[in-house]
Amino acid sequence: MTGAWDKARVVELARRLRGAETGGWSGPALRAVVEGLGWQWQEGATGPRLVTGLEPATSPQWVPRLRPVDRFEKDYVHGGEEYVGLYVPVALPEGGAAGKAAAFLAVAEVLTQEFGPASIMGAYGDPGPFYDSAPLWGSPFRRWRERENTLELHAGEHGPELLLQPTDPVENWFWRQGHGEHYALGGFFGSRRDPANAGLGFPGRWRTDDWDVFSHAFGDFLDTLPAETHALGIELDFGFHALVPGTYGPTLFHLLCGDRLEIIYDPERLGEGVTDPTSFGWIPQATRPAALNHWHEAPYHSEDFGIGEVDGRWLARMMVATLRDLGVSSPKDLSLTDHAQSVGDYHVDYYGLTLQENP
């Protein structure tokens, strides 16, 4: 059955990948790694094909693959690397986005038992490393970083994959995206206080003063968020301050997302003369209570959305229309509440959201 996965095989494979001698990621060194795993390296017109002998002939999605250094990777390698990743699918779950997120979480829990907490976690959004497009269901990742190589639990289009990669190229790509241009980085990136993260760099964020750009980015951030938070086993829980004219920037919205996503809206501290929130699509608490347990009550809320159900663009437009009607001049007048960037043991930068907590 495509949804099944072998826990013992995945743990053993992860151990062997993590301990592999990759020899600078040259072709001969990678061939030795592949053959050491008991697989075949078959030369082809478009590069090597890896054959494990375990993948069903009818399911090519099971086939592991190497990522060669090509035009999008060449600017971020140094030292002669010929490859920047060995990807090994470990589950092909059924059930759409929810099934893939659940499978990712199950594998993550097993790897955490084996190796301890990942030193880095997050969701790539768009673009992913070396300008990849994100999988349609979401782009969560957990990394066990080491100086030379990094083992990552990675979101493939068809389900979770193990990814062994040289540490420097992917981090070089990430760092060099911090040039401040619109959409340069998406998703979110969380790191622990961990000796494994010594020398880890963080690129600068991008901001915008254009409501349309912000709305587009915010919608993309929300679209797959429940799948990503569920897959990572985390909950995002933070408010949005908005510098409404005549105020000191009250908390107007609160986002909560674990297995489901909901946003609440509290205009009560703004006084009289506020446009009827229902005209923007907000649901009165008196008509239908909020579905999730937010840290404070508010008289209005959005719909609540499960995995694969979020209309991020609609949610973003609703919030932005509300803010513009209140006279908030630009997205640069938004910030996140205190401790928004603390998620469990991780400090999180919300690159795709473009916002950070108050300084």
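Modeller: Contact means heavy atoms within 4.5 Å. Please bear in mind that this is a predicted model.

Colleague: Leaving aside neighbours within four places in sequence, which residues is L162 in contact with?

Modeller: L162 is in contact with V10, L13, A14, L17, L86, Y87, V88, V90, L111, L151, E152 and L153.

Colleague: Which residues of the largest nonpolar core touch the most other members?

Modeller: The general idea comes first. In soluble globular proteins, nonpolar side chains tend to be buried together. Here the largest nonpolar core has 79 residues, and L162, F188, F240, L255 and Y350 touch the most other members. Helix 7, residues 312–325, supplies the largest share of this core, six residues. There is also a second, separate core of 14 residues, with Y76, V84, F141 and Y351 among its members.

Colleague: Is F104 buried or exposed?

Modeller: A residue is called buried when its relative accessible area is under 20%. F104 counts as buried because its relative accessibility is 0%. The residue lies in helix 3, residues 96–115. Beyond four places in sequence, F104 touches W137, P140, F141, R142, L153, H154, A155, P160, A231 and L232.

Colleague: Where is N197, and which residues does N197 touch?

Modeller: N197 is placed in the loop between strand 9 (188–192) and helix 5 (211–223). With a relative accessible area of 10%, N197 is buried. Residues up to four places away in sequence are not counted, and N197 touches S119, I120, R145, S191 and R192. F104 and N197 are 93 residues apart in sequence, and their C-alpha atoms are 23 Å apart in space.

Colleague: Which residues have a positive phi although they are not glycine?

Modeller: Two cases may be examined here. Y183 has a phi of about 65°, and this residue is found in the loop between helix 4 (167–176) and strand 9. H339 has a phi of about 70°; its place is in the loop between strand 15 (334–336) and strand 16 (342–343).

Colleague: What is the peptide bond from D126 to P127, cis or trans?

Modeller: The bond is cis, with omega near -5°. P127 is found in the loop between strand 5 (120–123) and strand 6 (140–145).

Terms used. Residues are numbered from 1 along each chain as its sequence is written. This is a predicted model: local features need pLDDT of at least 70, side-chain atom pairs count only at pLDDT 80 or more; totals for chains, interfaces and linings use all residues. Side-chain values use heavy atoms; hydrogens and water are left out. Helices (H or I, at least four residues) and strands (E, at least two) are DSSP runs, numbered from the N terminus. Buried means under 20% relative accessible area, exposed over 50%, partly exposed in between (1.4 Å probe, protein chains only). A nonpolar core is a set of buried Ala, Val, Leu, Ile, Met, Phe, Trp, Tyr and Cys residues joined through side-chain atoms within 4.5 Å.
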